[in-house]
Amino acid sequence: MGISKKLSGKSILQDGMQLIALNVALLLANNAMAAYSPLLISVQDSMIKFRQDQTLVADSNPNIVLSAARNEAETGQILLFAPSGVGKLSVAISPLTHATDKNAHITDGRAFLVHYADIDMPTKTSDTAGAWPDGLVPLTQAFSIKPGKQQSVWLKFKIDKAAKAGLYQGTVTVSQNGGQVAAIPVKLNVWNITLPDTIHLPSVIGLDYGSIKKFDGGTSKISAYYQALADSRAVPIDLFNSNPSYAINNGQSEVNFEPYMQQYRLAYRQKAPLMIPFSMNWPVDSAVYPLFSDEYNQLTVDYLKKTAAYFSSQGLLDQAYVYIGEIDEPKTAEQYALVEGFATILKVADPRLKLLLTIHAECPDCGGKTIDKLDQDNILWAPNITFYDSKAMKLESGLLGLLPKVSAVPSGWDASFSRKLAAQNRPFWWYLNPWTFVTRNPSYKYPNLYIDHQGIEQRIIGWMAFGHDVKVIGFWNATYWQTTTDPWVSVPKGEEGSSIAGDGSLFYPVNGVASATGQAQPDLPITAIRLELLRESSEDYELLYLLKEKGKTEAAKAIANQAAASLQNYLSDADKLKLLREQVADAILQP
């Protein structure tokens with residue numbers, strides 16, 4: 001039936017041609033509608049993460065309002081959505097001009113296309129799978145939005161130390177195929193406050209150089225990773241290929257630190273925590289000289305003495321520490337004995353040398369309080385945040401030995417131990433370890449670096465650190481991609497490939513940017529939102545530090561406690577946290 005009959009008194013051929021013409025016209029119309037599909041826009045705080053499939057509620061009058069000090073960077077984001085999809089979009093940021101001085105400008109405004117990480121297994125049973133925002137790719141090319149998917153564009157404004165205080169205004173322009181779609185007003189209030197160059201809450205983060213070599217084609221880009229860490233107010237745990245030259249001639253050791261200092265000069269812009277090259281088997285090989293034998297001890301003490309003297313001559317010893325991977329996170333009596341032995345060697349070599357000790361679990365065969373067993377005056381403590389909060393991980397064999405049974409037991413770290421360290425003028429660190437099992441329990445709400453958690457859980461860290469007098473934030477790795485075939489496609493999941501999504505990864509490699517995002521290959525690795533928010537939390541810490549330096553310690557602590565009453569009770573509202581930033585700034589500016 002249908003077209004087998006005449007439809008309009010014309011021939012079947014004529015009718016058929018009419019239908020074809022009609023279908024072509026409809027197709028062209030649909031394509032035109034898709035090409036100029038209404039673009040929905042929403043301005044959101046950069047702490048708020050939207051999955052790519054979440055429903056977007058457009059702003060009727062989108063505008064961007066930010067506040068910042070000089071010598072810091074502040075971020076925001078715009079969300080874009082076109083129901084039928086849209087292509088050839090671009091975003092441009094105009095210079096921001098001072099409201100009363102037309103010669104004063106902020107020109108360092110940058111746009112980033114957000115890369116989404118596919119989370120197939122959420123961190124906790126209460127979390128949600130899906131495409132979560134993570135990588136920040138410099139936006140240099142036109143981009144597309146897929147039908148039914150939203151796209152986040154991050155904005156970052158860096159305020160120079162010499163910037164004039166006051167209100168700056170500009171525009172973020174969204175265009176399609178060269179034609180303007182939206183002009184979003186930007187207002188940035190620069191406080192008459194300058195953050196210090198010295199970083200009072202640095203992050204110390206590992207780099208897996210094997211992964212960098214594998215995915216970025218060798219070692220030529222390692223200095224770029226150093227720079228990206230420095231831009232994030234962070235330094236690497238260890239430096240690449242940096243052991244000093246060491247030899248024993250006629251019973252005397254010879255040490256040349258120049259290979260180490262070459263890497264140091266690439267990675268460090270200022271004084272910050274610095275790991276002394278050392279391990280159980282370097283420079284003294286325990287296979288040749290049995291561990292803690294007279295020969296081993298003598299050679300090790302000699303090396304550490306020379307190291308302490310050299311670091312002191314360079315003005316670096318007060319930031320230096322010894323970290324021994326073999327006793328990382330000790331949880332056996334044997335490891336405890338090693339901690340005691342090496343702490344003693346360091347004291348003999350030079351009492352100023354500190355032994356960094358990370359810890360998160362109980363020692364079931366040690367007996368007594370973990371803290372009391374390990375503590376010495378040259379131990380530089382770095383507890384996992386849950387261990388600091390009096391919870392140590394207890395691990396037992398599960399049913400038939402298949403699945404471990406995990407629970408929390410008292411760690412021994414309490415307020416009295418923190419007061420003891422303060423009385424002895426012994427600073428301590430926190431470290432964030434996503435694989436600390438207790439933090440995966442839905443009933444626990446510690447801040448973290450999880451991809452599939454809201455960004456305020458990263459930005460709150462600096463506020464908590466100030467409230468608890470923490471001096472450094474540690475994270476084990478930013479480039480551990482050994483268990484994935486492509487970090488852009490398959491989200492890294494720690495050392496064994498079965499941890500939490502994003503564990504050990506705060507960067508994306510330089511190579512692969514074009515194929516994954518359509519953007520030009522940048523000079524620096526791609527920073528994750530999580531690391532960017534950790535940087536911002538460190539800058540929040542600086543504001544609190546400045547208030548403290550004005551003699552208003554109690555006021556600074558009180559505001560920090562409003563942000564985070566405890567390690568599990570903290571603000572979840574980004575706007576409220578921004579209001580507290582304003583409150584800190586106002587208090588600094590008051591006489």
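Biologist: Which residue is the bridge partner of Trp430 in β24?
Modeller: Ile473 is the bridge partner of Trp430 there. Keep in mind that this is a predicted model.

Biologist: How many bridges join β23 to β24, and do the two run parallel or antiparallel?
Modeller: Three bridges join them, and the strands run parallel. Strand β24 covers residues 472-475.

Biologist: What is the order of strands in the sheet with β23 and β24?
Modeller: The order is β14-β13-β24-β23. That makes an open sheet of four strands, with parallel pairing.

Biologist: Which are the edge strands there?
Modeller: β14 (234-236) and β23 (429-431). Each of these pairs on one side only.

Biologist: What does the twist average from one strand to the next?
Modeller: The average is 25°.

Biologist: New topic. What is the order of the seven strands in the other open sheet?
Modeller: It goes β1-β3-β10-β7-β8-β26-β25. Pairing in this sheet is antiparallel. Its edge strands are β1 (40-44) and β25 (507-508), each pairing on one side only.

Biologist: How many bridges join β3 to β10?
Modeller: Ten. Strand β3 spans residues 72-81, and β10 spans residues 150-159. Leu80, for one, has Gln151 in β10 as its bridge partner.

Biologist: Which strands does helix α12 lie across?
Modeller: Helix α12 (residues 529-549) lies across β3, β7 (109-119), β8 (130-138), β10, β25 and β26 (526-528).

Biologist: And at what angle to β3 does α12 run?
Modeller: Helix α12 runs at about 140° to β3.

Note on methods. Residues are numbered from 1 along each chain as its sequence is written. This is a predicted model: local features need pLDDT of at least 70, side-chain atom pairs count only at pLDDT 80 or more; totals for chains, interfaces and linings use all residues. Side-chain values use heavy atoms; hydrogens and water are left out. Two strands pair if DSSP finds at least two bridges between them. Contact means heavy atoms within 4.5 Å. Axes are lines fitted to C-alpha atoms, for helices over the stretch in contact, and angles run from 0 to 180 degrees between N-to-C directions.
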